[in-house]
Amino acid sequence: MRPAAELAGMMPAIQAEILASMTEGVSVSDGQGFIVYTNPAEDRLFGYEPGELIGKHVSLQNAYPPDENELIVNAVFSELKTKGHWEGEWHNKRKDGSTFFTDSRISVIEIDGHSYFLCVQRDVTERKTAEAAAAASEAYNQALFENLAIGIAIVSLDGRWLHFNGALPKMLGYTREELLKVKFSDVTHPDEVERDWNDMSRCAAGEFDSFVREKRYIRKDGAIIWANRTVSILRDADGKPLSFLGAIEDITSRVEAERALRDSERRYRALSTATASLVWATDRDGLVEDIPGWREITGQTPEEVKGYGWLEAIHPDDQETTRKMWRAAYESGSLYDATYRLRQKDGSYCWVNARGVPLFNDKGELLEWVGVLEDVHEARLQAQALRESEAQYRQVAEGLPEIVWSAAPDGRLTFVNQRIFGYSGISSDAVVRGSWLRVIHRDDRSSVMRAWTEGAESGSRFEVELRLRNQKGDYCWFLTRAMAIRSESGEITQWFGTCTYIHDHKATQRALQMTNQFATTLATDLDLERIVQALCDASTSAIEADFGSFFYNVINEGGESFLLYTLSGAPKEAFEKFGMPRATQVFGPTFRGEGIVRSDDIRQDPRYGNMGPPHHGMPEGHLPVVSYLAVAVVSRSGEVIGGLFFGHKKPGVFTAEHEQVVSSFAAQAAVAIDNARLYERVRSMNQELERKVHERTANLLTANERLQAFTYHVSHDLRAPLRAIIGTSRMIQEDYGPQLPEAVHGFLKRQAEAAAKMGQLVDDLLKISRLSRQEMVTEHVDLTHLAKDAAEEALSIHPYSTVDVQVEEGLAAEADPRLLRLALVNLIENAVKYSPRGGVVRVGARDQNTFFVSDQGIGIDETYLERIFEPFYRLHRDEEFTGTGIGLANVRQVVERHAGKVWAESEAGHGTTFYFTLRPATG
Ligand code: ADP
């Protein structure tokens, strides 16, 4: 043993050796952090040459970013100051920039009164990597555990969830926390809880280590899920059971798919029973093993059916085809579908339909054939009957003169008879295949479709008029009648229809309509120009001509005849440059009124080429007329008024029917033009007449006025001399009476009477003239009242009269009361005057506006009934009845001023009745 001192002497060498051989890096740095020593391991660790780090600052070795570095270094320093050493993990940087971790221990050491830092570092990179790998693997496991689609759980022996992965709560619809609070039995289908407990306790008891079950869980939302669950028992080192480990796989969709399959299988079985179809199968070679159902029908034995034996039960006529069809299907592996007659036990045959399909496995190898056999006897017979009836229908349809068709419910044509070809030139087949739209006039298509849909909605029939194109490309009118056949459920199964040619009828109808329209114009119009335009338009439209014109003669004021014309379907300029048509061979007959000219193609017409100079045929720029029709318009007197000319661009358009139509127009036009002319003449005559009447009335009025003035003046002027005569006569009598001989007295008396009479006459004359001058004011008049008043006055003139005047109550009229009173006084006074003693005079009304005054007097001879109304006309001498003969003249004047009439009815000796009319009272 060496002494301690000797050992102490050896220490530096030992330490150096230790430092050199150490695997841990050692470095010493001064108080400022500059490195003063590194051992070889330190240099190696950091990738420096030996001694290269000396004098460098320690921060060179740190891998921390600058700001972080400062914090860490400060923390280390402060711990070093207080404790004298620091220990921890350090992140280092090599010379080449790569980094690594070390476990580092730093101690403060004092050498010669200076503090140094001794740092010992062990590379822990490997350990760190291993740790990181372990952590990563743990995380992976965790993630795997969590994210497994299978739920994994550890369940306590009493059934509590102890630990589980993410899949489980997701599967069961709970949150993790919720699931921790329930037992496994809470989420298990009630029917299976007991069985599960039983399984688990047997497992815990060691009967088996694990078990697998399909079981149902109840989700939180109540839905049932199917799961495949594997349970194992976990035990401790002594074999004591600790808990269960469960793996739960959701197999709901699989279970459901299986159930669906089972259902469909069951359905299929049910279906085959329900349809009473027979199901058959063969092996992969197409050979029958047995078909019990077949045997039941045919009475064949199992041996007879075997292989191809079943063919024997098929009707001899169908056997060969059936065999061929079966072989063909079998060899190509395609659907087998054959209909044939099958012999039944009783020997009768029945139509059946056999269908079969080959079944293949996953590899595409043929496994077997399965198929059904169906009784189609009834359907087959029905179809046959239908075919027969359809054939019959077609036969009938072909025989009809109309276009006959049938269509599917959607309007698709299924049949058209041959008539369509005859008419349109398109074959029935082509029309059925879809060309029918081409046949219908563009403008009619929408109305056809509309009629169709409305017909289908509202009932089972429709009718529509449409135009169909013929071979020439022209359209003619047809009436389409369609009828739907409906099934028992009300659905339309088929449409039947006919198209009847109504073009001519339609044309006639149209012509008739036009004629009527034209007739209305004629009836209401007497203007010549409008009439001819209406004539031209209506006739052109009625026969559907492209152009129409009417040339007509008129006679001007100078008595010259000249030609005017009007056009339809072309502007007036179209004719202007040709001057007037001349009486050529074409136009001549029309202008001469020689009947109708009709040409299918005027260009081919011999008359046309002979038109003579200057045009020699169709003038250039003339309207493109091919079909031509012209008719003369002849007046009642036989004079040709003009001609109607029609043209069409196409040849052969005008028919005999059109001739009739235009003839009827021409006849009407002739009448209308005659009337218009007559009207024109009457109108001018009327005007002349009116002028004359005016003139004469004016003359009469002045004459009348003058006469009245004269009468007035005469009467007035006559009074003075009359008064003188009367006065002188009275004076002679008074002054010289006694001296005068008796005879003179008589003369004087007669003179006085005559003068008085004359005075009376003058007064009456004055009354007449006053009456006619007096202004009239009509009002509602109580005629009863007025007549009673008048009667009083009349009776006062005849104070000794015994005549009774009776006035009907409730008489009324519209009249001037003063004038009417005058007339009544006159009539009543006459009635009283000419009545016998004790006679009755009645005033009354015959009707609303005819009034009368009647008496039972002497009557008037029929001869004089009119004349008595003339002024001064009297039937009696004054000796018999006094009067002036003015009374009735006044009455007439009054009544006529009221726009009424007065007359007398009488029979001599039996009384007289005077009637007069007035406007009845209003209101
Ligand atoms: P007169 O003053 O003569 O009555 P009228 O003009 O009143 O004049 O009558 C004309 C004549 O008509 C009378 O003279 C008389 O002959 C005849 N006449 C008028 N009224 C009646 C009557 N009610 N019955 C018979 N004759 C009548």
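A residue is called buried when its relative accessible area is under 20%, exposed when it is over 50%, and partly exposed in between (1.4 Å probe, protein chains only). By this rule cysteine 203 is buried, because its relative accessibility is 0%. Cysteine 350 is buried as well, because its relative accessible area is 10%. A disulfide is a pair of cysteine sulfur atoms within 2.5 Å, and a search of the whole structure finds zero of them.

This is a predicted model, in which local features need pLDDT of at least 70 and side-chain atom pairs count only at pLDDT 80 or more, while totals for chains, interfaces and linings use all residues. Residues are numbered from 1 along each chain as its sequence is written, and side-chain values use heavy atoms, with hydrogens and water left out.

Helices and strands come next. Helices (H or I, at least four residues) and strands (E, at least two) are DSSP runs, numbered from the N terminus. Helix 1 covers residues 4-21 and contains isoleucine 14. This isoleucine counts as partly exposed because its relative accessibility is 31%. Together with Leu7, Met10, Met11 and Ile18, Ile14 forms a nonpolar patch on the surface, with about 380 Å² of accessible area in total. Patches are made of residues with over 30% relative accessible area and no salt bridge; like charges are joined within 9 Å, and nonpolar side chains (Val, Leu, Ile, Met, Phe, Trp, Tyr) within 5 Å. The areas themselves come from the Shrake-Rupley method with a 1.4 Å probe, and for residues only the protein chains shown count as cover.

A salt bridge is a side-chain nitrogen of Lys or Arg within 4 Å of a carboxyl oxygen of Asp or Glu. The count comes to 41 salt bridges. One of them joins aspartate 199 to arginine 213, with 2.8 Å from N to O. This pair links distant parts of the chain, 14 residues apart: aspartate 199 is in helix 7 (residues 190-204) and arginine 213 is in strand 8 (residues 210-218). Aspartate 199 is buried at 5% relative accessibility, whereas arginine 213 is partly exposed at 31%.

Strand 8 also holds glutamate 214, which is linked to arginine 254 in helix 8 (residues 252-274), 40 residues apart. Arginine 254 is partly exposed, with a relative accessible area of 39%, and glutamate 214 is partly exposed, with 37%.

In another salt bridge, arginine 341 meets aspartate 318, the closest N and O atoms being 2.9 Å apart. Here strand 12 supplies arginine 341 and helix 11 supplies aspartate 318, 23 residues apart. Arginine 341 is partly exposed at 21% relative accessibility, while aspartate 318 is buried at 9%.

Rings of Phe, Tyr and Trp (its six-membered ring) pair if their centres lie within 6.5 Å; planes under 30 degrees apart count as stacked, over 60 as edge-to-face and the rest as tilted. The structure holds 27 aromatic pairs. Tryptophan 326 and tyrosine 336 form an edge-to-face pair, because their ring centres are 5.1 Å apart and their planes stand at 70 degrees. Tryptophan 326 lies in helix 11 (residues 316-332) and tyrosine 336 in strand 12 (residues 336-343), so the pair ties together parts that are ten residues apart in sequence. Tryptophan 326 and tyrosine 336 are both buried. A cluster linked by ring pairs includes these two residues along with Trp280, Tyr330 and Trp369.

Charges can also lie over rings. The rule asks for NZ of Lys or CZ of Arg within 6 Å of the ring centre and within 35 degrees of the ring normal. Lysine 128 lies over the face of phenylalanine 101, 4.5 Å from the ring centre. Lys128 is also one of the residues in a network of salt bridges, among them Glu24, Glu89, Asp103 and Arg105. Elsewhere, the charged end of arginine 846 sits over the ring of tyrosine 915, 5.1 Å from its centre.

The last topic is the backbone. Most residues other than glycine have a negative phi. Aspartate 112 has a positive phi, near 50 degrees, and lies in the loop between strand 4 (99-111) and strand 5 (114-123). Aspartate 112 is exposed, with a relative accessible area of 73%.
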